[in-house]
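Work through the exercises below with the sequence and the 3D structure at hand. Try each task before you read its solution.

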Amino acid sequence: MSSKTIDEKLTEISNTVTAQTDKADELVSEIRNSWQEVKAVHEVTNHNQQAMRDWQTQTGETTFKDLAGNTHQVPTLKSLIADAQSINPNPHVMTKAQFDALREMRKQQYAGSGFVEWGKHNFGNPNVNEGMWQWLNPSFRNRFVLGEDASNRHHGVSKTIHPQVLVDGTLHQVYGVVHHGTQSTLIFPPAPDGTKTYDSATGTVTQHSNAEVAFATETETNKVITSRKDLVFLESWHEKIADKDVVYPLGNVQYGASGYKGIGLLNNLVEQGYSAFGEWDQNTKGYGAKWSTLTDAQKAIFLGEPEHNIYYDPKAKAYVQVRYRVRVVEGFGNSWNSAHPSKIEGAEWATYSSKRIVYAQGSSNSKTNKVFVSNVHLQSTITKNDNGVAEGESSTFGLLSFGETKPLALPIALVQRLNQGAYHPSYNPMGCRAWNQQDNGGAAPWYSTEAGNINAINQAFDIQFGGVGRVGAHSNTGGVSTGQSGRSDQYKYHDAIYAGQVEDLRLNANKLDVNQLREETMRKAVAGTLRGKEKVPFTKVKTGFCHHSISTIYVYQRNYVTPSSLIDKDILYDATRYLDSYPTDSTVSCSPIAIKFIDAGDTDLTTFSGGVALNTWLIVDKLRIANNSQHLAMINQNTGNYLWFSEGSASTIKAEIIFPTEAQSAEFDSLPWVDIIGSPENIAATFPDGVVGQWVPQLPSDDTEQQFKANRKCLSHPAVNALRTMDNGETWQAITASVSSVENEIQDTWNAQSVGLVQYESLSHFTKPANNSQIVGSLGDVYASQAYLNEYGNRLHSSLTGRTGIRIGGPLFQEFLGLSKYTYYSPRSTLGWTAQIGDEPTHCALNLDVTNAYSPAYKTLHSITEKNGLLYLQFHGAELKHNGTDWGDDQTIPIIDGENVKTDLNGNTVKVFCHHTQLPIGIASH
């Protein structure tokens, strides 16, 4: 092997050195680059630290760098929070989507809008129903109460002390309405004072300067308002908080406390009308908080508590509160159309004699000209499946309620009002004041000679203090604070709201077990605690010519096409019920009528079938349904039918008649009843212009301690207030007559010349004739009773048959009987399927016992039925009469529409019926 030369070795060494030098240079370069990278990282780190501080503290965007030198724009933390808040600025409050989902869930959970909980009522004061009660106090005029305070002794089945009300899925906690606690005070306008007129032709109400001017403007259609019903309802709507910059506890714009959980509230943040009960209310101011001045912690209280019904709408970027107010609409009179909004076909809700009276307000500061409609109205869009609430017409959508909502109305009550005039049984039966005493300006009752010559209604509304010789009302009487009234019944004061004046319109929002509801409601019906409404008759005395006929005497025609001068346009008491519930050509028992024929005209009235003597009073208590249920004809006692003559025309017959009418249109649950005692001749002489009450068809005699059968069940035993005159009203004597609680008879000393007015409290009927309707659920048992006590079916007895039991005791004065057979007509689920004998339900034999005093009795089968989306208790049954041996009962339940009669096994004519409760007992759910 050859060795390397020196040159070769030097060259190799040189190459090695060069390579090492290159490595050294490369290492130096790498070190230099590393320091540059470190420096760059350091610079990026310093930059991003500042950017991070800006991200945490600044708004908008900040710039971050990466190691490659690229820059990145990033939204700051505040911007991210703001963006998040644009979706929901507070995690404690629901979004609109969440709130609406909860509403939809509740709509599925409940039967419809209504009261989820009634609230409690006061233990010591009369209540209307659960959670609604009266309080009579000088500081509490024209008011009644919902709910109660925990600090007061209270009563009721409600789980909550205050009402909980569901309106289209929103659950409102209703308390603090004009109250600092959990009560709610409902305020009403003053009672009629005779200064307003209502024109039924135009629907116009006119306020006059005084009563004298008002009465001077009366025409056939324009009348002074002396009696009226006021409507109470809850109005609910959605409203952006920012619109008025106010938030209200619970959404209650009539909140009555000046603070809420340490947050001070003010009542001057909006126009007063926003919180008013109605346009008549100039005083109510609700307390709320100015939203923009609240701290975050204070806002969190309202946002975090679901009872305030606040949600966030990200589309509008706004908080929205669902609010409510109680509205009270002053009636034009007593003739309201249906106040329940369910399925009023094609109709607006809550009209008065088909005239508009109720208008929506919602988020407006005052009522508008927009109305509410029922759920079958063409303009109903959001409550089609809700039978408990009315909604605003189309134009209210998004206008009076935020977003895709409308203002909604949920009925609470109709309240019958008395008036501020002086009481008189002929000229002002709804008055409360006493009369001015002629000699010294004190106060006197209407029957006192010191009251002066009272002969017209306008005198009752001349309301002044004193005035010697003035015939008029005494101003310092008739109110709660005066302690003095011109009335002697249970209704003393015009500015008090008594439980008996209130028609409860509240509906249970809960889905109800219909079979349980049937039995619970029947227990109330038997106990006499179901509520109803009825009018007190006004008996008129009239003279004139009869309605045209070729054979009979009519006392009522349905449409007044050609009214007679004898009856004119007066409505016979209960006439509509007779015509609507009995089949045409049938005979019906009626309240007694006295008629005296003065001139037979061109007829053979005085000779036909034995003839009728002229100038002699006859008593008529039966009528015939005639001419396809258009007329009521009197039954002639001589013929036993409706024929009175065979020649000539009734329009030539002149007569005088004393008959009960519906001129007194006010309705009560607790009736201020009046029985009239006296001969027709003396009654006509004493009360030529008529008198409130119903005649007892029994002539007074000179016998001592004479007993009269009261027309209605008297609750005022053992004694009642009565007035008696022996000289056709020239002078009167106030007496206390005794009343038998069992036989229901009035006893006192009368004579043949006496005319008496007996005043007592009587409960109204709570059922009404109806068509046989669909059965919902199963059937109950058959109930039978002859008891004299209301709590054992006596009130139900009167409501179904018009008679009352007088059985005082024993184990068998009432009973429930089992059904042995029944069947349905399947297509309609109604009882009976052929309407033939043998098709009726049958039951076990009666066990009712008897005494020597044979008591009236009745039997009824109860069930639940549905009408227009609401539930009612239905009664099928019959009157029972004992003949001394047995009841003559065939153990069947007649299935008919309305009312009729049949012959029992003993040959007695007994009433048969199909009735429904007047007021609904729940909302149907399917």
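**Exercise 1: The largest cavity**

The largest cavity is lined by 13 residues, and those that lie nearest its centre are Pro429, Arg487, Gln664, Pro672 and Val692. This is a predicted model, in which local features need pLDDT of at least 70 and side-chain atom pairs count only at pLDDT 80 or more, while totals for chains, interfaces and linings use all residues. Residues are numbered from 1 along each chain as its sequence is written, and side-chain values use heavy atoms, with hydrogens and water left out.

Task: find the volume of the largest cavity and sort its lining by class.

Solution. Start with the term: on a 1 Å grid over the protein atoms alone, a cavity is a set of points where a 1.4 Å probe fits but cannot get out, a pocket is an open set with protein on both sides within 12 Å along at least five of seven lines, and lining residues have an atom within 4 Å of a point. A volume is the space filled by probe spheres set on the points, which are joined across faces, edges and corners. By this rule there are eight cavities of 30 Å³ or more, and the largest has a volume of about 100 Å³. For the classes, Ala, Val, Leu, Ile, Met, Phe, Trp, Tyr, Cys and Pro count as nonpolar, Asp, Glu, Lys and Arg as charged, and the others, Gly among them, as polar. The lining of the largest cavity then divides into nine nonpolar, two polar and two charged residues.

**Exercise 2: The second largest pocket**

Task: describe the second largest pocket by its volume, its central residues and the classes in its lining.

Solution. The volume of the second largest pocket is about 1,800 Å³. Its lining is made by 41 residues, and Lys223, Glu662, Ala663, Gln664 and Ser665 are the closest to its centre. Strand E15 (222-224) and strand E32 (538-545) are the elements that give two or more residues to this lining; here helices (H or I, at least four residues) and strands (E, at least two) are DSSP runs, numbered from the N terminus. With four residues, E32 supplies the largest share. By class, the lining of the second largest pocket has 17 nonpolar, 14 polar and 10 charged residues.

**Exercise 3: Salt bridges**

Solution. Side chains of opposite charge can pair when their charged atoms come close. A salt bridge is a side-chain nitrogen of Lys or Arg within 4 Å of a carboxyl oxygen of Asp or Glu, and a search of the whole structure finds 46 of them. In one of these, Arg103 meets Asp168 at 2.7 Å, N to O. Arg103 is in helix H3 (residues 96-109) and Asp168 is in the loop between strand E10 (164-167) and strand E11 (170-173), 65 residues apart. Both Arg103 and Asp168 are buried, where buried means under 20% relative accessible area, exposed over 50%, and partly exposed in between (1.4 Å probe, protein chains only). Arg103 and Asp168 also belong to a network of salt bridges that includes Lys96, Asp100, Glu104 and Lys107.

Next, Arg325 forms a salt bridge with Glu235, with the closest N and O atoms 2.9 Å apart. Arg325 lies in strand E22 (residues 318-329) and Glu235 in strand E16 (residues 228-240), so this pair ties together parts that are 90 residues apart in sequence. Arg325 is buried, and Glu235 is buried too.

**Exercise 4: Cysteines**

Solution. Cys590 counts as buried because its relative accessibility is 11%.

**Exercise 5: Backbone angles**

Task: where do Pro718 and Asp585 lie in the chain?

Solution. Most residues other than glycine have a negative phi, and most peptide bonds are trans. His717 and Pro718 are joined by a cis peptide bond, with omega about 15°, and Pro718 is in the loop between strand E42 (706-709) and strand E43 (719-725). Asp585, which is not a glycine, has a positive phi near 70°. The loop that holds Asp585 runs between helix H9 (575-581) and E34.
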